[in-house]
Amino acid sequence: MHQFQFRWIPLVATCLLMVVFVRLGWWQWSKGVDVETQVALRDQRSVTNPLLLGAQTVNPQEVDGVSVVVRGQFDASQQFFLDNQQYQGRPGVHVITPLQIEGTQVRVLVNRGWVGWGASRAVLPEVAIPVGRVEVHGRASLPFGKAPAFVSESVGDTGALRTRIRLDEIQAAHNHPLQPVVILMSESGVSDGLVREWPELSNKAPMHKGYAAQWFLMAVVLLGFFVRSSYRKVTD
């Protein structure tokens, strides 16, 4: 015969761990709901006309993944290359060219695509830059400001070759307004030898909800273990 035996220390420990598991589960579930909301808004915007970028600064979180169009002139003097980019296993760089938005002093960074290294990393790739008024179509994205793993952040982050995109540093260095997004340029019939195969936008809501289910399940398993271990065999 087994009888439930109440003990304070296992009860307190179980309650504390269950609170932690439930809070972690709720946190992941909330992230999943937020991602679903953002994806729904993004999909809704994608079926409408592209967003025309102008002098008004956009909210980067709200326009991330949104189709955009911008008109103006490329600023060749401020073009730089984003290092450590690969395409089909080949090392190369992304070509980042600021564009001065038509009728304003505001710039927006345009990722024009990938180009491979030549015979040596000592010589930067030569990439032609369109002259005059242009109309750029693409997708707004959040700049990745963290240097790649095992790469020193002090190497090449102020010149023509950079390891990351830091909008605050770029804006401070050139003293002009800067839109807080990077445009991933689409093909649009442009023939410049650059590769523009951007990764598809992913919906990570199922992943977050899966993590949430695991945390909730761990809380249930812990409670079951506490109840089961609290029953002791009683001998007459």
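Which residue in strand 5 does Phe74 stand opposite? Phe74 stands opposite Leu99 of strand 5. The points below set this pairing in its context.

1. Basis of the note. The structure is a predicted model, in which local features need pLDDT of at least 70, side-chain atom pairs count only at pLDDT 80 or more, and totals for chains, interfaces and linings use all residues. Residues are numbered from 1 along each chain as its sequence is written, and side-chain values use heavy atoms, with hydrogens and water left out.

2. Overall architecture. The chain contains 4 helices and 10 strands; helices (H or I, at least four residues) and strands (E, at least two) are DSSP runs, numbered from the N terminus. Along the sequence their order is β-α-β-α-β-β-β-β-β-β-α-β-α-β. Of the 236 residues, 35% count as buried, where buried means under 20% relative accessible area, exposed over 50% and partly exposed in between (1.4 Å probe, protein chains only). The accessible surface of the chain is about 14500 Å², and 58% of this belongs to carbon and sulfur atoms; the areas come from the Shrake-Rupley method with a 1.4 Å probe, and for residues only the protein chains shown count as cover. Among contacts between residues at least 6 apart in sequence, 68% join residues at least 24 apart, a contact being heavy atoms within 4.5 Å.

3. Strand 3 and its partners. Two strands pair if DSSP finds at least two bridges between them. Strand 3 (residues 67-74) runs parallel to strand 2 (residues 51-52), with 2 bridges joining them, and Leu51 stands opposite Val68. With strand 7 (residues 133-141), strand 3 pairs in the antiparallel sense over 7 bridges; here Val70 stands opposite Val136. Strand 3 also pairs with strand 5 in the antiparallel sense, over 3 bridges.

4. Strand 4 and its partners. Strand 4 is largely enclosed by the rest of the structure, because 6 of its 8 residues are buried. Strand 4 pairs with strand 5 in the antiparallel sense over 6 bridges, and Gln85 stands opposite Gly92. These two strands form a hairpin with 2 residues between them, and Gln88 in the turn has a positive phi of about 55 degrees. With strand 8 (residues 161-162), strand 4 pairs in the parallel sense over 2 bridges; Phe81 has Leu161 as its bridge partner there.

5. Asp83. This residue is found in strand 4 and is buried, with a relative accessible area of 5%. Leaving aside neighbours within four places in sequence, Asp83 is in contact with Gly92, Val93, Trp117, Arg121, Leu161 and Arg162.

6. Ile96 lies in strand 5 (residues 90-101) and counts as buried, at 0% relative accessibility. Beyond its neighbours within four places in sequence, the contacts of Ile96 include Phe80, Leu82, Leu109, Val110 and Ile165. The C-alpha atoms of Ile96 and Leu184 are separated by 9.5 Å, although the residues are 88 apart along the chain. Pro91 also has its place in strand 5. Apart from neighbours within four places in sequence, Pro91 is in contact with Gln85, Gln86, Trp114, Gly116 and Trp117. Pro91 and Gly118 are 27 residues apart in sequence and 9.7 Å apart in space, C-alpha to C-alpha.

7. Aromatic pairs. Rings of Phe, Tyr and Trp (its six-membered ring) pair if their centres lie within 6.5 Å; planes under 30 degrees apart count as stacked, over 60 as edge-to-face and the rest as tilted. The count by this rule is 2 aromatic pairs. One of them, formed by Tyr87 and Trp114, is tilted, with 5.3 Å centre to centre and 45 degrees between the planes. The pair links distant parts of the chain, since Tyr87 is in strand 4 (residues 80-87) and Trp114 in strand 6 (residues 107-116), 27 residues apart. Tyr87 counts as buried at 19% relative accessibility, and Trp114 is buried at 5%.

8. Charges over rings. A charge sits over a ring if NZ of Lys or CZ of Arg is within 6 Å of the ring centre and within 35 degrees of the ring normal. Arg112 lies over the face of Phe74, at 5.5 Å from the ring centre. Arg162 lies over the face of Phe80, at 4.7 Å from the ring centre.
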